[in-house]
Amino acid sequence: MHHTTQETGHIVAPKNRVKPRLLLHACCAPCSTAVVERLAADYDISIYFYNPNIYPVEEYRQRRDELIHWCSNVADVPCIVGEYVPEAWMEQIRGLEHEPERGRRCNRCFRLRLQRAAIYAREHHYDLFTTVLSISPHKRYECINRLGLALARHHGIEFYAANFKKKNGFKRSIEISHTQNFYRQNYCGCVFSRPLAGA
Ligand code: SF4
C-alpha cells in the first residue's frame, strides 16, 4: 500500500519499496527543472509532453526538442511525447478565443492536457500523475488542482495536487534555466497569448 498525505494527497513510498511511478505533464524545459528537482527523490518520474495548444509549430518544436534534450542529457528521466493536433485544441476552446489569460479558455486548455495525461498514466500503469503548470505565476494552481483531482477520480488514478510556485519554485526554475542556457519564451503558448496577437 502507498501512504497518502493529508495535505496534498500525494503518495510517498514506504521505506524499502520502489518509488511510485509518476507521470509528470510538462509544457517546456524551464518549467520542468525545479519540479523534477523537487520530486526526484520520492518518485520515479517520466515526463509527458502533450501540448497541442502551442503555436506556431516552430515554437512547439523548439520547446519539445529542448525538453527532450534536457531529459536525456541532464535530468536522466524518460520523456514521452504525445501527439500534436492543434485542431483538437482549437475545437476545445471554440467560442473562448477572446477570453483573457487565466480565464475560461485556459481552464479548457488545462483540462485537455490533463485529461490526456490522466489517460496515458492509467493506460501505462503509473501510480499517479501531475503537471508542472502550477509553477507559473500566471497560472491559478487552484484551477489546475481542481481539474486534476476531478479527472483522476473519473479515470481511476491518483493526482498529485501541488502548487509548485511555493518554496521559491519559480525562482529556482529561472536559476536552473540560466545555468542551462534555456530558451525562455515570452508567451504562454497559444496564438491568443502571443504578444502581437490581434495587433
Ligand atoms: S494562455 Fe496558455 S493556458 Fe491559456 S489557453 Fe493559451 S496556451 Fe492555454
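Modeller: Go ahead. Let's start with a helix pair: α4 and α5 cross in a right-handed way. Bear in mind that this is a predicted model.

Colleague: What angle and distance go with the packing of α4 and α5?

Modeller: About 35 degrees, with the axes 9 Å apart. Helix α4 covers residues 104–123 and helix α5 covers residues 141–155.

Colleague: Which residues of α4 and α5 meet?

Modeller: From α4 you get N107, F110, R111, L114, Q115, A118, I119 and R122. Facing them in α5 are C143, I144, L147, G148, L151, A152 and H155. By class, that contact splits into 9 nonpolar, 4 polar and 2 charged residues.

Colleague: Now α1 and α6. Why is α1 called roughly perpendicular to α6?

Modeller: The axes of α1 (residues 29–39) and α6 (residues 169–180) cross at roughly 115 degrees and come within 8 Å. Angles of 65 to 115 degrees count as roughly perpendicular, so α1 gets that label relative to α6. The crossing is right-handed.

Colleague: Which residues make the contact of α1 with α6?

Modeller: P30, C31, T33 and A34 on the α1 side, and G169, R172, S173, I176 and S177 on the α6 side. They sort into 4 nonpolar, 4 polar and 1 charged.

Colleague: On to T130. What makes T130 count as buried?

Modeller: T130 has 30 other C-beta atoms within 10 Å. The label needs 20 or more, so T130 is buried. It sits in strand β6, residues 128–131.

Colleague: What does T130 touch beyond its sequence neighbours, leaving out residues up to four places away?

Modeller: L22, L24, H25, G148, F159, Y160 and A162. Take H25: it is 105 residues from T130 in sequence, yet the two are 6.0 Å apart, C-alpha to C-alpha. G148 also turns up on the α5 side of the α4 contact.

Colleague: And the ligand: which residues are around it?

Modeller: N53, E101, R105, C106, C109, C188, G189, C190, F192 and S193.

Colleague: How do you know that the shell has 5 nonpolar residues?

Modeller: Cys and Phe both count as nonpolar, so C106, C109, C188, C190 and F192 fall in that class. The shell also has 3 polar and 2 charged residues.

Definitions and conventions. Residues numbered from 1 in each chain as written. Predicted model: local features only at pLDDT ≥ 70, side-chain atom pairs only at ≥ 80, totals over all residues. Near = placed C-beta within 6 Å. Helix = DSSP H or I, 4+ residues; strand = E, 2+ residues; numbered from the N terminus. Buried ≥ 20, exposed ≤ 12 C-beta atoms within 10 Å, placed from the backbone. Contact = placed C-beta atoms within 7 Å. Axes fitted to C-alpha atoms, helices over the stretch in contact; angles between N-to-C directions. Parallel < 35°, antiparallel > 145°, perpendicular 65-115°, else oblique. Left-handed = near helix turned anticlockwise from the far one by under 90°.
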